[in-house]
Structure formats: structure tokens, C-alpha cells
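Biologist: I would like to learn how to read a structure like this one, feature by feature. Could we begin with how a residue is judged to be inside or outside?

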Amino acid sequence: MDLPLILIQALNAVQYGLLLFLVASGLTLIFGVMGVINLAHGSFYMMGAYLAFSLAPLTGNLLATIVVGLLLSVLIGALLEWALFAHLYRRNHLQQVLLTYGLILIFESLRSRFIGDDVHSVSVPAWLDFSIPLGDVMTYPAYRLFMSAVCLLVAAGLYLLIQRTRLGSQIRAGAANREMVQVLGINIDWVYRLVFALGVALAAFAGMINAPVTAVAPGMGMSMLIVSFVVVIVGGIGSVWGALVASQLIAFADTFGKVFVPDYAGMAIYIVMAIVLLWRPEGLFKS
Amino acid sequence: MIRISLRRRTLQCAALLACATLAVAAHAQPTGPIKVGLMLPTSGTFADLGKKVASGFKLYVTENGGKLAGRLVQYVELDDESDPSKANENANKLVKRDRVDVLIGTIHSGVAMTMARVARDTNTLMIVPNAGAAEITGSMCAPNVFRTSFSNWQPGYATGLLAARKHKTAVTISWKYAAGDESVRGFREGFEKGGGKVIKDLHLPFPNVEFQPLLTELATIKPEAAYVFVAGAGQVKFVKDYAAAGLKNSIPLYGAFITEGTLEAQGEAASGLQTALHYADGLKIPKNEAFITSYQKTYNAAPDVFAVQGYDAAQLFAAGLQAVKGDTRKKAEMIKAMEDAKLESPRGPLSFSKSRNPIQDMYARVATGNRNVMTDVIVKALADPSPDCKL
Amino acid sequence: MRSLTTSRGRLAAIAAGLLLLLMFPQFEQDFYTELVTRTMILAIFAISLDLLLGYTGLISFGHAAWFGIGGYVLALLGTQYQVTNSLWLTLPAAIAVTALASFVVGLFVLRTRGMFFIMVTLAFAQIFYYLFHDVKSLGGSSDGLNLRGKPSTAINGWTPFDLTETATLYYFVLALMVAVLVFMAALLRSPLGRALQGIRENEHRMAAIGFPVLRYKLAAFTLAGSIAGLAGYLYAVLGGGVNPELLSWHQSADVLLMVILGGMGQLLGGVVGAFSFVLLQELTSTFTKDWHLWLGIVIVLLVLFLPDGMISIAARVKALVRRSRA
């Protein structure tokens with residue numbers, strides 16, 4: 001195996017891992033803070049991708065698409081939390097699983113009915129549509145480097161938000177003890193709504209920036225959901241730091257699995273998960 | 001809960017008995033309408049292809065006044081969603097519940113193979129207007145299962161011969177599924193027949209479109225040419241990714257279907273791409289020109305190879321029906337007539353091998369603008385040897 | 001635990017249902033006979049999950065793995081490798097392989113609790129999904145495998161019955177479904193069965209008394225997996241083929257829904273659930289293509305307003321009636 005090939009695959013893995021982190025961090029936050037498992041999380045990722053597909057021709061530029069898309073996602077997230085998810089906080093796991101599964105069915109059907117089942121592509125924005133040469137025959141798309149950079153920024157922003165701001169401390173406190181936080185006069189309902197909307201926005205954002213790189217197709221939400229589940233299991237439910245580490249681990253397992261053992265590539269991430277679980281049944285990190 | 005089901009079940013049975021009696025009565029008449037079961041995708045990746053096939057089939061019937069062998073044609077249509085896991089259920093609905101006289105379908109090979117199994121088990125006449133899986137006219141061939149499109153091997157073989165004209169080494173890239181494997185095998189046989197050698201076969205799971213790692217590997221191997229088999233939206237992305245990776249000019253890309261129906265979406269990335277197929281844009285054959293005019297007038301759109309395949313499926317069925325004067329009960333005679341049929345297809349002369357697969361000319365084409373223009377005939381009257389078919 | 005025969009009405013309903021099932025193939029509607037056969041197979045599948053969900057309190061989101069493995073064992077033995085196509089060899093093989101697989105996976109997953117358990121069962125089912133999707137030697141294709149023919153029942157030249165006949169297969173499945181129900185009834189009355197229900201009520205208390213909880217859960221997991229494997233085998237026989245989608249999480253979710261619909265922890269819950277689900281599906285499909293949309297809406301409404309399931313409708317109506325009579 002030559003070095004340039006390994007290097008390119010490693011770059012691909014890092015980029016994929018950062019993308020996974022965006023989605024998984026939302027999932028783990030929602031579970032860690034509100035104790036709700038959200039199977040429909042993959043649908044938010046899909047929603048982001050389809051938003052990018054529908055908005056791109058309207059706005060004509062990437063930045064505008066993302067801003068509008070994010071605004072819509074936050075609104076939708078807050079609305080869903082108020083209407084449905086807020087009722088789930090006191091329910092048992094089975095009911096949460098069932099209701100969010102029902103939501104997946106509804107989202108998928110609505111998408112099928114209003115947008116259709118065709119596979120679409122979103123163009124890479126013109127100013128990023130070039131390749132950086134690596135070696136004599138190979139090039140690496142600049143857009144993918146841009147994606148990695150953006151995801152890193154978002155990850156850093158998330159860290160700052162949770163560790164260094166007042167809102168962040170409210171979130172952390174709310175996760176630990178809901179009643180206590182309420183007694184202190186903080187409106188816990190709005191904290192939860194915010195966290196949920198943040199989770200949705202993260203997943204949708206991931207869908208939006210990944211759209212030019214992958215096909216926008218039915219089933220994309222489902223695949224992303226299951227992989228992010230694995231990330232959360234490996235990283236530890238509720239741990240954002242765990243999600244970061246685990247997403248890189250899973251991304252590398254997946255990418256290099258496809259290179260070295262293509263016939264077993266689909267299983268690679270689950271084998272990694274099984275090994276981690278043997279060693280640490282609760283995941284790598286505690287929340 | 002059980003009580004409610006009981007009542008519903010009784011009503012269902014009564015209704016069923018009534019319907020069954022009517023159905024049996026209608027079916028027995030050799031003068032009533034002929035039921036054509038169209039099991040094609042109207043949603044999903046292959047929806048467009050499904051619609052084209054159906055439109056081609058219906059065009060032939062319309063040209064004959066909505067009748068075949070004097071009997072009115074009635075369509076029973078079902079969306080197969082290109083989903084192999086639902087294929088058994090869907091095929092059974094058409095054959096056992098709706099009792100169609102002929103089963104037409106489909107695009108996706110996996111679905112078609114299950115349909116063929118159902119057709120074999122129930123001795124229902126079936127015509128495949130696209131799916132190229134080898135087994136359908138190979139190891140699982142049957143007297144009552146015909147195909148008017150191609151076997152995956154055929155276009156692959158022809159493309160292999162085409163690529164071998166200019167290159168000595170090649171690498172293949174395909175989705176890991178039946179169609180991909182067979183197409184690659186055809187390419188390999190044709191390429192080696194032309195004096196070349198296939199160095200490596202790369203593949204990724206269907207319908208994955210993360211081509212980046214494979215393109216990277218292809219670049220490292222540095223063959224003289226590359227052959228690709230992916231379909232639907234995947235072919236758009238592949239051709240674009242190929243160009244974006246800087247490979248378009250260093251390693252010429254060949255394919256069979258890779259530019260069918262997607263040249264506009266592929267744009268500049270596909271220009272000059274060479275392919276081999278049993279049809280091409282602007283073929284100077286009288287039947288083709290008449291077909292294009294007729295299609296354009298009826299649907300206000302241009303036909304493509306899928307419409308031709310659907311049209312020929314209707315032609316073939318009609319040939320069988322004419323031989324028995326519309327009496328679908330005379331199955332053996334119908335099948336014999338269809339086996340011996342020599343059709344004038346828009347693609348050129350069309351006949352069938354013992355395995356019921358098309359014997360047809362293969363054309364070399366080059367992507368020019370938005371059309372795949374024929375350059376010459378690579379091989380005349382190519383038949384798939386179908387070594388596994390015991391007919 | 002409620003007995004089957006608590007009320008005369010219930011007994012009459014069950015007898016009528018059984019009678020109807022016995023008579024159904026006599027109407028000679030092949031398509032619908034096969035539909036009911038499929039529903040009975042799904043009932044067996046649902047009953048197996050109920051053992052885990054309703055009686056042991058374990059929410060498995062990966063139960064379809066065992067269903068699919070049962071079918072694939074038949075496909076691999078009978079069609080891919082052509083080792084044997086005998087019913088008497090392939091059926092026990094399917095159950096044995098599924099038992100082994102669920103036992104091994106149980107060792108991994110039963111150490112986790114709650115939400116983790118749900119996610120981990122889903123993830124393990126995915127491993128098997130990809131095994132059958134990607135690995136060539138195991139069938140490896142998204143197209144699945146078409147079976148070479150129905151299993152043969154021949155022993156030394158004598159063929160007791162022919163599964164290629166629609167009615168024969170129907171009665172075979174009916175007999176097996178009744179056998180599974182009888183087995184479950186016996187199991188639930190046994191010490192193992194009672195222990196499982198104790199675990200569902202309060203796991204910590206059971207552990208405190210000294211029950212080896214993990215061992216019991218493992219037993220339930222393996223038993224449930226084996227019965228699901230039986231169902232998967234029959235499904236493959238009926239459908240004439242297998243496909244990786246048999247192991248998909250949609251399949252796991254569907255069977256979960258069947259159990260909920262029919263009533264968790266009820267002996268006939270699986271049967272009622274399967275029939276309700278298929279009936280719902282068939283009726284909705286005739287009117288709209290959006291069966292999944294309506295299913296999703298029904299689920300959301302059910303969870304929000306009827307969290308105890310459809311069974312609670314009956315209970316609430318009964319309570320209303322009782323109140324109006326008093």
C-alpha cells in the first residue's frame with residue numbers, strides 16, 4: 001500500500017468522522033440532557049440534505065442556502081419539541097422508540113409524496129469546485145477539505161457553548177437534575193427546547209454540507225441514523241467528547257474497511273462496536 | 001379483537017367467492033380482453049426507465065387500435081419499486097389475484113429473477129423488457145420466459161471488443177450485484193478476445209455512490225482504459241467524479257449504459273465517452289425513423305432504448321397471439337411462434353436464441369453533445385451463448 | 001396470569017377463529033390462502049418476540065435477525081450449496097443455527113440495560129444484515145436468493161405430504177402455530193416462565209432473592225430467537241426466496257408493532273397482532289400508496305393517547321359499560 005493512497009483515505013476518514021460527529025453529538029445531547037432516544041434523528045439529517053437540494057437553485061449560493069436552511073431547521077426543531085417530544089420526557093423507553101419510529105415513517109412518506117423518490121445531486125459551489133493535486137495522478141477535492149474545516153469549527157463552537165457559557169452550564173445542570181434547575185428559577189422547558197433545536201440544527205447542517213458529496217436519496221436518513229447510533233454506543237450515551245472520539249474511530253474503521261476488506265466493509269463498524277462493548281459495556285466515556 | 005376479525009373475514013370470503021366466479025368466467029373466454037400485467041417501477045431510481053418501457057409497449061398496442069389479434073388489451077399495472085424483497089408478493093398479486101395473460105417486467109434484475117421464478121412455477125407467459133440478469137435466459141431459463149432487451153453479458157462483450165481496438169490493459173469498476181458482475185464478465189471476454197487483458201476488478205456495494213476510494217485506487221493502478229458499470233443516478237455521479245478526479249483524459253472511460261439517458265446531467269464530463277449498445281441515437285433504419293416519429297407524436301418526447309425494448313415486447317407478444325388467433329389457451333403454439341419470431345425492431349433485425357434471449361446487432365457509439373451517436377457496427381447478430389440454459 | 005379459558009365468550013371466539021382458519025383453504029383462493037399462511041407465520045414471529053418483550057420485559061429492536069437467519073439457513077443448505085433440501089434436516093438446522101446465534105449475541109447484549117439494550121440489539125441485527133448483504137459465500141446480494149424449490153418431505157422414498165400444494169403448506173403452518181402456542185402456554189406456567197415474569201416486574205428484587213437473572217434472560221433470548229428462526233424458515237418456504245431485508249430494522253420494527261397492537265404479555269397477543277397488522281396493511285394499500293404514512297400517524301397517536309395499547313380500548317369500553325349498568 002503506498003503512502004499517497006493511505007493519506008487520501010485518511011483524509012476521507014477524518015472528514016467522514018467529523019460529519020458523523022455533527023450528527024451523533026445532537027443525538028447524544030438529546031439523550032444525555034432530556035433522556036429521550038430519538039430514532040427520527042436521521043430524518044433531520046435527510047431534511048438538511050433535501051433543504052440544500054431545494055434551496056440551492058433558489059438562493060444560488062452556498063452561504064445563503066445554509067443560513068436559510070439552519071433557520072428553518074431550528075424552527076422545525078423547536079416546533080417538534082413543543083408539539084411531540086416534550087410529552088416523551090416522562091414516558092418509558094418503548095414508547096419513545098415507537099413514537100420516534102412512527103415519526104420516521106411519517107417523514108419518509110411526506111418526503112416521498114412531496115419531493116419524490118428520485119436520487120438527486122447538489123452541485124458543489126463554484127468557488128470550491130476545484131481539486132488540489134497530491135502526487136502525479138491523484139487530486140483531492142477542495143470541497144472536502146472545506147467540509148472538514150467547517151465541521152471542526154462547529155465542534156469547537158459546541159465545546160465552547162457547553163463548557164464556557166451560562167447556557168451551557170444550564171444545560172449541564174438540567175441534565176443532572178431537572179427539578180433543582182427549575183427551583184432555581186431557570187425555565188427548563190426553554191432550555192430543553194433549545195437543546196433539541198440545537199440537535200436538529202446540527203444534524204440538518206451535516207446533511208446540508210454533505211449533500212454535494214453524496215447522492216440525495218431516500219434511505220440516506222436511515223443509514224446515517226444507524227451509524228450515529230453506533231457512534232453513540234461506542235462513545236457513551238450523553239458524552240459529547242465520547243462522540244468526537246468514537247466518530248473518528250468508526251469513520252476510520254469504515255473507510256479502511258472498504259479499502260482492505262471490501263466484502264466485509266459493511267460490518268466493520270459493528271465489529272468495532274462489539275469489541276468496544278466487550279471491554280466497556282457502557283461505552284468509552286461516561287457523560 | 002378476534003370477534004371483529006371474524007365478521008370481517010366472513011364478509012371478505014363472500015365477496016371473494018363472487019369475484020372469483022366472475023374472474024374465472026371472464027378468463028375462460030378467448031374473446032374477452034387480454035390482461036397484460038405491467039410490473040415496472042413507477043417510483044424510485046428506475047422510475048423513468050419503467051415509464052419509458054411501459055410507453056413503448058403501449059405505443060405498439062395503440063398503433064394496432066388498442067387490440068392485439070382482435071382482442072382488446074387491458075392493463076393491470078403495479079409499481080415494483082425496484083425492490084427485490086417485495087417482488088414475490090407483487091408478482092403473485094398479478095399472477096394469482098389478477099390472473100394476467102402475460103407478465104411484463106422489469107427493470108431491476110433481482111426483481112425480474114423472482115418474477116421469472118413465479119412465472120415458471122405458475123406456467124405464466126413472461127416477457128422481460130429490460131433486466132439483463134444471466135439466469136433469466138441461463139441456468140433458470142424456461143420455455144415461457146422471453147426477453148426483448150439484452151443479457152448483461154452482451155453490451156459488456158461488445159464494449160470489450162470496442163476498447164480492445166485501442167488499448168491493451170483495463171480495470172473494471174462496478175456495483176457488486178448480479179448485473180455488475182455479468183457485465184464485467186462480458187467486458188472481460190470481449191476485451192480478451194480483442195487481445196487485451198483486464199488487470200483488476202474493483203467494486204463497491206449497490207447502490208453506494210462513494211466512488212472516491214475506488215477512483216483513488218484506479219489512479220494508482222494506471223491501466224490504459226477503464227470500464228464502468230453503475231446505473232441510474234449513480235452513473236451521473238460516477239462520470240462527474242471521474243472527470244473531477246482528473247482521470248477523464250489520462251485513463252479513457254468505457255461503458256455500455258453509462259451514458260444512456262443521462263448525458264444532459266453529466267454534461268461536459270461525458271463528452272467523447274465511448275460506449276457499445278444494441279441501440280443508438282439517430283440510427284438510419286426505416287423502422288426506427290417511423291418509430292421515433294410515432295413515439296414523438298404520441299408522447300411529445302423522444303424515445304430511447306428502453307422504449308424500444310418495451311415496444312418490441314408488445315411486438316413479440318403480438319406475434320405469439322397472431323399465431324393462435326388470440327386464443328391464449330393454446331400456450332404451446334404461442335410459445336413456438338414467439339421462439340421462431342423474426343421481428344423488425346427499431347434497433348434493427350431482432351430474433352431470439354433457444355434460450356429466448358435477443359440476437360441483435362451491437363453498435364459502437366460516442367457521446368456527442370446530448371446524444372450517443374453511432375460510429376459503426378461492432379458485431380452483427382450477437383447472441384449470448386447462454387451455456388447454462390438446458391433448452 | 002390470565003388463563004385462556006377465563007370467559008365463555010373468549011373461548012367461543014377462539015374456537016370460531018380456529019374453525020375459520022381450518023376451513024379457509026377450502027375456498028380455493030390460492031392468493032388469499034397464501035396471505036393467511038403468511039400472516040400465521042408472522043404470528044409465530046410475533047409470539048416469539050412477546051416472550052422477550054411482554055413476559056421478560058426486554059425491548060429488542062433486532063429480533064428480525066433471527067427471522068432472517070432461519071430463512072437463510074434453508075437457502076444456503078438447499079439452494080446455494082445444495083447440501084440437502086429435506087424438511088426433516090433443514091428445519092431443525094435452521095432452529096439450531098438461530099439458537100446458537102441468539103445465544104452468542106445474548107452473551108454480548110444482555111449485559112446492557114435500558115436504552116443501551118435497545119440500540120445494541122439493533123446494531124447486532126445490522127451485523128447479520130450486512131453478512132447476508134455483502135458476503136458472497138452467505139448469499140451476499142441485495143437481490144437475495146431464490147429457492148430451488150420447496151423442501152421435500154421424503155423419507156426413504158415415502159412422501160407424507162407435499163409442501164408445493166398451497167393448502168398443505170397452509171395446514172402445516174397452522175399446525176406449527178398451534179404447537180408454538182401450546183409450548184408457550186406450558187413454558188409460562190413453568191418455573192422458568194414465572195421467573196421471567198418476575199424479572200419483568202422487578203429485576204433487582206429477583207437478583208436480590210438470589211435468581212441468576214442473567215442466565216434466565218439468556219434462556220429467554222435464545223428461546224425467542226429459535227422460535228423466530230422457525231418463523232423465518234417457514235417464511236422462506238412460503239415466499240420461495242430470501243432477501244437481506246428480512247433482517248432489516250423495518251422488519252424488527254414491524255414485529256414490535258404487531259406485539260404492541262395485539263397486546264403485550266397476552267398469549268394470543270402475537271396472533272391477534274399479526275392478523276391486525278396484515279389486515280390493516282392490506283386494507284390501507286388498496287386505498288392509498290402511502291401505507292407507511294398512515295401507519296406512522298397511527299403509531300404516534302397511539303403512543304400519545306393510548307399508551308397501553310389497543311387492549312386498553314377494550315378495557316376502557318368494558319369499564320364504561322360496567323359503569324353505565326351500575
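Modeller: A residue is called buried if 20 or more other C-beta atoms lie within 10 Å of its own, exposed if 12 or fewer do, and partly exposed in between, with the C-beta atoms placed from the backbone. In this structure, B:Ala381 is partly exposed because 13 other C-beta atoms lie within 10 Å. Before we go on, please keep in mind that this is a predicted model, in which local features need pLDDT of at least 70 and side-chain atom pairs count only at pLDDT 80 or more, while totals for chains, interfaces and linings use all residues. Residues are numbered from 1 along each chain as its sequence is written, and chains are lettered from A and ligands numbered from 1 in the order in which they are written.

Biologist: Is B:Ser386 buried or exposed, and where does B:Asp376 stand, buried or exposed?

Modeller: B:Ser386 counts as buried because it has 22 C-beta neighbours inside 10 Å, whereas B:Asp376, with 8 such neighbours inside 10 Å, counts as exposed. To place them, we need the elements: helices (H or I, at least four residues) and strands (E, at least two) are DSSP runs, numbered from the N terminus. B:Asp376 lies in strand β15 of chain B, B:Ala381 belongs to strand β15 (residues 371–382) of chain B, and B:Ser386 is in the segment after β15 of chain B. The C-alpha atom of B:Asp376 is separated by 5.9 Å from that of B:Tyr363, although the two are 13 residues apart along the chain.

Biologist: How do I read a sheet, and in what order do the six strands of the open sheet in chain B run?

Modeller: Strands of a sheet pair through backbone hydrogen bonds, either parallel or antiparallel, and two strands are said to pair here if DSSP finds at least two bridges between them. In chain B the order is β2-β3-β1-β4-β5-β6, and the pairing is mixed. β2 (67–68) and β6 (145–147) of chain B stand at the edges with a single partner strand each, so one side of each is left without a neighbour in the sheet. Strand β1 (residues 34–40) of chain B pairs with β4(B) in the parallel sense over three bridges, and B:Val36 has B:Val102 in β4(B) as its bridge partner.

Biologist: How is a whole chain described, taking chain A as the case?

Modeller: Chain A has eleven helices and two strands, which follow the pattern α-α-α-α-β-β-α-α-α-α-α-α-α along the sequence. The radius of gyration (taken over C-alpha atoms, and compared with a globule rule of 2.2 Å times the number of residues to the power 0.38) is 19 Å for chain A, close to the 19 Å that the rule gives for 287 residues, so chain A is as compact as a globular protein of that length. Of these 287 residues, 51% count as buried.

Biologist: How far can I trust chain A?

Modeller: The guide is pLDDT, the predictor's confidence in each residue, from 0 to 100. Where pLDDT is low, the predicted coordinates should not be read in detail. Chain A averages a pLDDT of 85, and 97% of the residues score at least 70.
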